[in-house]
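Open the model in your viewer and keep the selection tool at hand. The tour goes from ring pairs to a helix and then to the core.

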Amino acid sequence: MKANKIPVYCMPGMAANPSIFQYIKLPEDEFEMFFLEWFVPEKEETLAAYAMRMTKKIKHDNIVLIGVSFGGILVQEMAKIISVRKLFVISSVKTRFELPRRMKLAKATKLYKLLPTSLVNNIEVLSKFAFGDLATKRLELYEQYLSMRDKFYLDWSIEQIINWTQEEPLPNTIHIHGDKDMVFPMQHIENCIVVKGGTHIMIINKYKWFNKNLPKLINE
């Protein structure tokens with residue numbers, strides 16, 4: 001990699017693979033993109049410990065770190081360990097207070113432990129967990145994007161999201177959120193850049209907005 005290029009590391013959302021970033025194109029003379037992938041956590045592994053292991057996959061200094069959905073939570077934990085040039089969270093939350101009421105209720109009642117994650121090979125169930133959408137016409141796309149179907153990973157991921165304890169946003173976090181996000185509804189989100197018409201999967205279907213705006217936001 002040329003010394004003057006900015007390394008941009010991208011972390012997909014829960015159960016998703018890096019293909020969710022396939023339409024994100026940053027100017028190649030300025031940036032070089034790298035894609036992180038989920039791996040199965042160890043038994044009783046904390047989110048902080050998982051984040052530490054994920055940072056071992058970072059091969060550059062002073063990086064831009066981008067995370068989508070649960071990946072947005074993970075990159076915030078990673079940014080507590082390594083120094084980053086810019087931190088972007090997309091379709092995600094910055095604190096436990098931004099989690100929707102249903103997730104807070106699930107935490108209080110432990111109902112999340114009853115979710116049917118054993119049905120991970122049922123793409124309709126998985127898409128509901130990861131994208132908050134069951135549209136039949138999109139299931140073929142979800143088959144492509146949602147490849148991490150390990151039950152232990154899914155149980156662990158849901159538990160980490162619901163029980164996340166962060167109370168203050170990390171300094172200089174850039175939060176990009178769609179006003180039509182059904183997984184993390186906009187009414188609970190503070191201090192973000194709003195993408196009009198953006199849903200929880202806007203990294204895929206609003207890619208033109210990101211291709212236009214990310215370079216400027218990184219260089220600000």
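How many aromatic pairs does the structure hold? There are 10 aromatic pairs. Rings of Phe, Tyr and Trp (its six-membered ring) pair if their centres lie within 6.5 Å; planes under 30 degrees apart count as stacked, over 60 as edge-to-face and the rest as tilted.

Before you select anything, two notes. This is a predicted model: local features need pLDDT of at least 70, side-chain atom pairs count only at pLDDT 80 or more, and totals for chains, interfaces and linings use all residues. Residues are numbered from 1 along each chain as its sequence is written, and side-chain values use heavy atoms, leaving out hydrogens and water.

**Ring pairs**

Select Tyr9 and Phe34. Their ring centres are 4.9 Å apart and their planes lie at 20°, so the pair is stacked. Tyr9 sits in strand β1 (residues 6-11) and Phe34 in strand β2 (residues 31-35), 25 residues apart. Helices (H or I, at least four residues) and strands (E, at least two) are DSSP runs, numbered from the N terminus. Tyr9 is buried, with a relative accessible area of 3%. Buried means under 20% relative accessible area, exposed over 50%, partly exposed in between (1.4 Å probe, protein chains only).

Next, select Phe39 and Tyr50. Here the centres are 4.3 Å apart and the planes at 25°, so this pair is stacked. Phe39 lies in the loop between β2 and α1 (47-55), and Tyr50 in helix α1. Both Phe39 and Tyr50 are buried.

**Helix α1**

Which residues of α1 are buried? Select Leu47, Tyr50, Ala51, Met54 and Thr55. They cover an arc of only 140° around the axis, so they are on the same side of α1. The arc is that of the directions from the helix axis to the C-beta atoms. Among what covers them are β1, α2 (70-79) and α6 (151-162).

**The core**

Finish with the largest nonpolar core, which has 63 residues. Such a core is a set of buried Ala, Val, Leu, Ile, Met, Phe, Trp, Tyr and Cys residues joined through side-chain atoms within 4.5 Å. Residues with the most contacts inside it include Val8, Phe70, Leu74 and Met78; contact means heavy atoms within 4.5 Å. The largest share of this core, six residues, comes from α6.
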